[in-house]
Amino acid sequence: MNNPADKSFPVTWDQFHRDSRALAWRLTGMGGFEAVVAIARGGLVPAAIVARELNIRVIESVSVKSYDHQSQGQVRVLKPISEQVLEISKAGGRVLIVDDLVDTGATARAVRDMLPGAHFATVYAKPKGREMVDTFITEVSQDTWIFFPWDLDVAYVAPISGGTD
Ligand SMILES: O=P(O)(O)OC[C@H]1O[C@H](OP(=O)(O)OP(=O)(O)O)[C@H](O)[C@@H]1O
Ligand SMILES: Nc1nc2[nH]cnc2c(=O)[nH]1
Ligand SMILES: [Mg+2]
């Protein structure tokens with residue numbers, strides 16, 4: 001869990017696209033994936049980018065919620081994985097799970113339990129959850145909060161010196 005006053009790591013659309021593409025590059029050569037499961041909502045954007053790069057056409061989502069703003073509660077599954085995709089995995093097909101980040105690893109653990117044997121990939125990872133992820137691009141410290149472009153707007157920022165102009 002994070003303290004809202006800790007460091008922040010804002011990510012722009014350009015940077016997120018580049019990092020998601022880098023994730024796709026890292027996943028090439030790891031075997032053809034038959035389906036992608038995006039962990040909604042944050043995983044939907046990198047999943048679309050990775051699926052485009054790796055030419056995967058079967059896209060599923062699982063909706064998991066555990067945070068209200070920066071406070072984590074119980075992991076709740078709001079929409080499960082379809083039988084079609086669970087069957088692909090049970091039959092030995094390669095399934096790729098994508099999320100934007102892993103923090104404590106609670107979300108990753110819950111989704112991994114639904115799809116044992118799937119490959120789990122995130123764009124960003126914090127140390128506590130890193131072990132839950134097979135492939136990621138950038139590690140940030142545990143006391144950093146990542147702000148994604150869909151949560152940001154362009155706004156005034158005070159000078160470093162502390163003045164107002
Ligand atoms: O490793 P954890 O500590 O479980 O945290 C990681 C999860 O938290 C965020 O999702 P969130 O539940 O906030 O929902 P969202 O994707 O709809 O923003 C993020 O997108 C990951 O899915
Ligand atoms: N946006 C965002 N969601 C999170 N959920 C858990 N950790 C984070 C984080 O650092 N940023
Ligand atoms: Mg999420």
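Phe-147 is partly exposed, because 13 other C-beta atoms lie within 10 Å. The model described here is predicted. Phe-147 belongs to strand 8, which covers residues 144-147. Beyond its neighbours within four places in sequence, Phe-147 is in contact with Ser-8, Phe-9, Pro-10, Val-11 and Leu-152. Phe-147 and Gly-129 are 18 residues apart in sequence, and their C-alpha atoms are 18 Å apart in space.

Six strands form an open sheet in the order 4-3-2-5-6-7, and the pairing is mixed. Strand 4 (71-79) and strand 7 (135-139) stand at the edges. Each has a single partner strand, so one side of each is left without a neighbour in the sheet. On average, neighbouring strands of this sheet are turned by 20° against each other, direction ignored. Strands of a sheet pair through backbone hydrogen bonds, in either a parallel or an antiparallel sense. Strand 3 and strand 4 take the antiparallel sense, over 5 bridges. Asp-68 stands opposite Ser-71 in strand 4.

Two helices lie across strands of the model. Helix 1 (residues 13-27) lies across strand 6 (119-125) and strand 7. Helix 1 runs at about 140° to strand 7. Helix 2 (residues 44-54) lies across strand 2 (35-40), strand 3, strand 5 and strand 6. Its angle to strand 2 is about 160°. The buried residues of helix 2 are Val-45, Pro-46, Ala-47, Val-50 and Ala-51. These buried residues pack against helix 1, as well as against strand 2, strand 3, strand 5 and strand 6. Just after helix 2, Asn-55 takes a positive phi of about 55°.

Ligand 1 is surrounded by 18 residues, and the closest are Gly-42, Tyr-67, Asp-103, Thr-104 and Thr-107. Strand 3 (59-68), strand 5 and helix 4 each give two or more residues to this shell. Strand 5 gives the most, with 4 residues. By residue class, the shell around ligand 1 divides into 6 nonpolar, 7 polar and 5 charged.

The shell around ligand 2 consists of Tyr-67, Leu-101, Asp-103, Trp-145, Ile-146 and Phe-148. Here the division is 5 nonpolar, no polar and 1 charged. Tyr-67 and Asp-103 are among the residues around ligand 2, and both are also listed among the closest to ligand 1.

An unreviewed UniProt entry places the feature "binding site" at Arg-41, Gly-42, Asp-99, Asp-100, Leu-101, Val-102, Asp-103, Thr-104, Gly-105, Ala-106 and Thr-107. Asp-99 is found in strand 5 (residues 95-102). Asp-99 counts as buried because it has 29 C-beta neighbours inside 10 Å, and 20 or more is the cut-off for that class.

Gly-105 sits in the loop between strand 5 and helix 4 (106-114). With 18 C-beta neighbours inside 10 Å, Gly-105 counts as partly exposed. Leaving aside neighbours within four places in sequence, Gly-105 is in contact with Lys-128, Gly-129 and Met-132.

Notes
Residues are numbered from 1 along each chain as its sequence is written. Chains are lettered from A and ligands numbered from 1 in the order in which they are written. This is a predicted model: local features need pLDDT of at least 70, side-chain atom pairs count only at pLDDT 80 or more; totals for chains, interfaces and linings use all residues. A residue is near a molecule or strand if its C-beta atom, placed from the backbone, lies within 6 Å of it. Ala, Val, Leu, Ile, Met, Phe, Trp, Tyr, Cys and Pro count as nonpolar, Asp, Glu, Lys and Arg as charged, and the others, Gly among them, as polar. UniProt positions are given in the numbering used here, feature names are shortened, and annotations may be inferred rather than shown by experiment. A residue is buried if 20 or more other C-beta atoms lie within 10 Å of its own, exposed if 12 or fewer, and partly exposed in between; C-beta atoms are placed from the backbone. Two residues are in contact if their C-beta atoms, placed from the backbone, lie within 7 Å. Two strands pair if DSSP finds at least two bridges between them. Axes are lines fitted to C-alpha atoms, for helices over the stretch in contact, and angles run from 0 to 180 degrees between N-to-C directions.
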